[in-house]
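Me: I'd like to learn how to read domains and the contacts between them. Could you walk me through a case?

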Amino acid sequence: MNDVKMIEVLAAGLLTTVQDLGRFGYAALGVGRSGAADLASHRLANRLVGNAEGAATLEATFGGLRLRAHADLLVAITGAPAPVYVGSAQQGGNAPFRLPAGAELRLGSPATGLRSYVAVRGGIGCDPVLGSRSRDVLAGLGPPPLRAGEFLSVAADTAADPVVDVAPVETPSVEPVLRIAPGPRQDWFTAPAWSTLLSSAYTTSPDSNRIGVRLSGPALERRTPGELPSEPIVPGAVQVPASGQPLVFLADHPVTGGYPVIGVVRRADLGMAAQLRPGQLVRFTAR
Amino acid sequence: MRVWEYGEDALLVELADVAAVVALRAGLERDPVAGIEEMVPAARTVLLRLAPDADATHVMALVQRRSLSAAEPEPGAVVEIPVTYDGDDLDEVAGLTGLSVDDIVAAHTGADLTVAFCGFAPGFGYLVGLPESLHVPRRREPRTKVPAGAVGLAAEFTGVYPRESPGGWQLIGRTAAVLWDADQDPPALLRPGITVRFRPA
């Protein structure tokens, strides 16, 4: 790893964390996988700058990130389409571009979506914790969220030379529909609860985070009262606490949870769930 | 035993009690079923994460044939944890159990305990094997702050808080043992299946 500090953080926005594919194999010790909340966007950003699969990117929440390059860098930004400025010039997303030494990179607020990914050729360099550079906000593992004034180094996690000029990408959907399969505790709910979940629009709550997307809308009623002994959680699990308001677990989900899981969002749709903005409506469909 | 598919690449196995969880997990560790990449035990359930090419139906059938009789303890894997028994809830536990503080210490240090599963926080192991005389409900009002190293009781479990956190277990003591260090490999002192003995510090 190269320890030269090449990137200065001028502003971190709401929350910017370092993320990679996550940590594997520690769930039995109480440590979840973590990793980029929108894995497809993270992978694309790495591909655009020719990084190895395991390279780390920056996950910026609702733009607001400002960086200064202290070396010539190759950069690509994917995910929520935040306007990108190099100095005063606007730069397109989903395409690699040069960020010369001394230049300032700025992400505005995305018009749709929530999380943008900034890949730098070589990957973000910091010491991995249990094999990953991902920040797990629930477990408090991995590099702390970015702070203004800190410097980041660039690693050497490159693969081939970058060859893609621009990647065609669908912008995050304004009216997303998440495909869902029944979960292990579907039978803890009344029969109408499942059809309510599939026929209603739910509003994304502002207290959503990397752990999960909290939703508000028609309550999902339980048939089986009582407590569920804690059981393992998977990404995309839709847990229903006593309030009846569903919660879709994302990358930093707890390893186990004590509320019944009514359904599981398809893995391919988790990036869409991670891009839900507070106040945005979302629907579910049986896959 | 009931088994469901859980998402696209996992099975969830539901068992009668935590003893069966311990037995199934230990059996699958000793004699693995091909296609299971990771096991995550919990209180009544075990998550089996499958390899991408695994045949879920086949794995399910093999798992359902497994014996759930008591597991042999893992040879050699005994962790001793020294405890100073001066927890804030000792009197409460004495009241709930009808035991003296000396009896509580004797019962807690006299048992061979097994890590059934981990959760709540990295490195927090749920230990089973306590005598029933030490089964107490969790506190009605959880504490907002429990110090690292606090030793607690809740229902059939005992455990040690690996770091400062909120918590609702009845605290009977504290240990200086390091339960979690992310810079170490393995990072956790406790993992499912190992045997633990507490002793007076």
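This is a predicted model: local features need pLDDT of at least 70, side-chain atom pairs count only at pLDDT 80 or more; totals for chains, interfaces and linings use all residues.

Me: What distance separates the centres of domain 1 of chain B and domain 2 of chain B, taken over C-alpha atoms?

Reply: Residues are numbered from 1 along each chain as its sequence is written, and chains are lettered from A, ligands numbered from 1, in the order in which they are written. Domain bounds come from an automatic or database domain assignment. For chain B they are 2-64 for domain 1 and 78-200 for domain 2, and the two centres are 27 Å apart.

Me: How many residues of domain 1 of chain B are in contact with domain 2 of chain B?

Reply: Two residues are in contact if their C-beta atoms, placed from the backbone, lie within 7 Å. Here nine residues of domain 1 of chain B meet eight of domain 2 of chain B. On the domain 1 side, helix α1 of chain B (residues 18-30) gives the largest share, six residues. Helices are DSSP runs of H or I, at least four residues, numbered from the N terminus.

Me: Which residue classes make up that side of domain 1 of chain B?

Reply: Ala, Val, Leu, Ile, Met, Phe, Trp, Tyr, Cys and Pro count as nonpolar, Asp, Glu, Lys and Arg as charged, and the others, Gly among them, as polar. That side has seven nonpolar, no polar and two charged residues.

Me: Where do the domains of chain A lie in its numbering?

Reply: Domain 1 of chain A spans 5-154 and domain 2 spans 177-286.

Terms used: Helices (H or I, at least four residues) and strands (E, at least two) are DSSP runs, numbered from the N terminus.
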